[in-house]
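Hi there,

Here is the structure I promised to pass on. Have a look at it first, and my notes follow below.

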Amino acid sequence: MESRNYQLNDAKMFADVTDGTAIVINSATGIYYGMNSFGTSIYENLQEGSSTADVLSAALQLPGVPENFETSFEAFIASLVEYEIMVPGEGTSSRPAVLDPAVAKEDDFIPLCTEYQDVQELLFADPIHEVDVDEGWKPE
Amino acid sequence: MLISLKESVANRVTEALKKYIVKNNPSVEELFVNLGDIKTVRVLSFYPGYASIVKRELSLSLTSPISCPDATIWIWRETGMADFIPRVLGINRSEFESDGTKWHEIYYRGSDGDMRCMASIDTEGDCGVHYSFGNEYFYGLDGLGPSNWFKEGHAMFQSFFHILNQPSYSFVHGACVGLEGTGVLMCARGGGGKSTLSVQAMLKGFDYVSDDYLILREEGDGLSASPIYSFITLSPEMYERMYDDLDRARFLGVSPWKGKYIFDISAFADRFNRNYPVKALLFPEINPDATVPEVTKCSQAEKGKTVVQIAHSTVSQMGFNGFRGGQKDKDFILKTIKMLSGLDCYKISLCPDILGNVDCLKALTLSLKR
């Protein structure tokens, strides 16, 4: 994975970290995103100037880190870029990343960013059930 | 478990639900609530004693009966929550519980194709049903003892949120006080100091709107705030410090959430203001090490953080009726961003001297007026 610096796409995104959870709102669409604790920790390190290589290096030093961690790390960074939460920063810099092993372990070393998308997509996959008040529900 | 119904079935189920409530609850008390001169809501309480809770919490918003209210809220006691589903909805219980979950949501597809949540049913824990269809809202509560009346009574804010979710209005989680027609909207999640600052400001002469929930109204280029509730919540420590000035406040109970004290402050009715102009956003932060409070103008990123707090802390409390990142979430967030984007934003670092904090707020508010 090529090392890069990223920063919040503050032209479009509003962000807040409270109680170890990052919440990001896309001001153009109203969609909001939430990160798990480990994802939030990685996001904060990137925001503070660590490169992806700095964060990956720190993560790989954590006790119990799984062999395939780099895959989930890359997927997390890709999701931040795909959601337009973070954009590549200008220039490159290096700053040792600080990661809490307990936070990483609690999230099984999997950083996540979840898009709180329209629940309707989920529901459209669910069939409409015929319900009769007298006869009861007849599953299709 | 998620279940989807046809709208015609949802309509039939709603009528069955109303018959069921009336049949099983012989007496009803009727109240009318004025939501910021925008909507009038009828509350039908079939739950013995619940009307008195509504009267305490909303005493300054109660109004005379009208023939065509904008919405109706039904409240009744529902003790057999698991049986409620097959009994009223006509749904086979074994099928319904086949996935082992205790939290169920029922949706219907409207004529416009949108899916709308009509019921969320919790068959353990707090145990209750929240249900809405059209302009009618239903709350079935299992047990309403002293420890949870505040929580459940306060839960009506979910209905208020939906009723007020119109293009020019928003029901939001925030506090507002002001001076000489210049208000500041305080945004913070719990523990940020907004309740203490707003209540102390009121006691020291500020115009008061709310310490926790309020209605925002956009008119032309202006934004105004109106109250709904007539109670405040304070930590026991802050209550002790404000004790002498709060002589007209009536103790209502202890919040089950953070052990805060709840007071009816309707005796301070002369301090309440409706349609109060909002001129700035204020982001309070408690700094226990500071000796004096400090105000700084927020950067764009800090303003964004403030907007996230007010939008997300509101949305995250409306956990029923499709508010799980659905279209209404987006609409609410976009509307809120639009409402707040024209306001300057300030951060106030609060010190332990609560009177000093109010003086600092006074200086800021008067400077905004100039």
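Which residues in helix 2 of chain A meet which residues in helix 3 of chain A? On the helix 2 side they are A:T52, A:L56, A:A59 and A:L60, and on the helix 3 side A:F69, A:E70, A:F73 and A:I77. By type, the residues of this contact divide into six nonpolar, one polar and one charged. (Ala, Val, Leu, Ile, Met, Phe, Trp, Tyr, Cys and Pro count as nonpolar, Asp, Glu, Lys and Arg as charged, and the others, Gly among them, as polar; two residues are in contact if their C-beta atoms, placed from the backbone, lie within 7 Å.)

Before going further, please keep in mind that this is a predicted model, where local features need pLDDT of at least 70, side-chain atom pairs count only at pLDDT 80 or more, and totals for chains, interfaces and linings use all residues. Residues are numbered from 1 along each chain as its sequence is written, while chains are lettered from A and ligands numbered from 1 in the order in which they are written.

Back to that helix pair: helix 2 (residues 52-60) and helix 3 (residues 69-82) of chain A pack at an angle of about 145°, and their axes are 11 Å apart. (Axes are lines fitted to C-alpha atoms, for helices over the stretch in contact, and angles run from 0 to 180 degrees between N-to-C directions.)

Chain A as a whole has five helices and eight strands, in the order β-β-β-β-α-α-α-β-α-β-α-β-β from the N terminus. (Helices, H or I with at least four residues, and strands, E with at least two, are DSSP runs numbered from the N terminus.) Of the 140 residues in chain A, 35% are buried, meaning that 20 or more other C-beta atoms lie within 10 Å of a residue's own, with C-beta atoms placed from the backbone.

Helix 1 (residues 37-47) of chain A is largely enclosed by the rest of the structure, because eight of its 11 residues are buried. Those are A:F38, A:G39, A:T40, A:S41, A:I42, A:Y43, A:N45 and A:L46. After helix 1 of chain A comes A:G49, with a positive phi near 110°.

In chain B, three strands make an open antiparallel sheet in the order 15-17-16. Its edge strands, each pairing on one side only, are strand 15 (231-234) and strand 16 (250-254) of chain B. (Two strands pair if DSSP finds at least two bridges between them.) Strand 16 of chain B is joined to strand 17 (residues 261-264) of chain B by four bridges, and B:V254 has B:Y261 in strand 17 as its bridge partner.

Best wishes

How values were computed:
A residue is buried if 20 or more other C-beta atoms lie within 10 Å of its own, exposed if 12 or fewer, and partly exposed in between; C-beta atoms are placed from the backbone.
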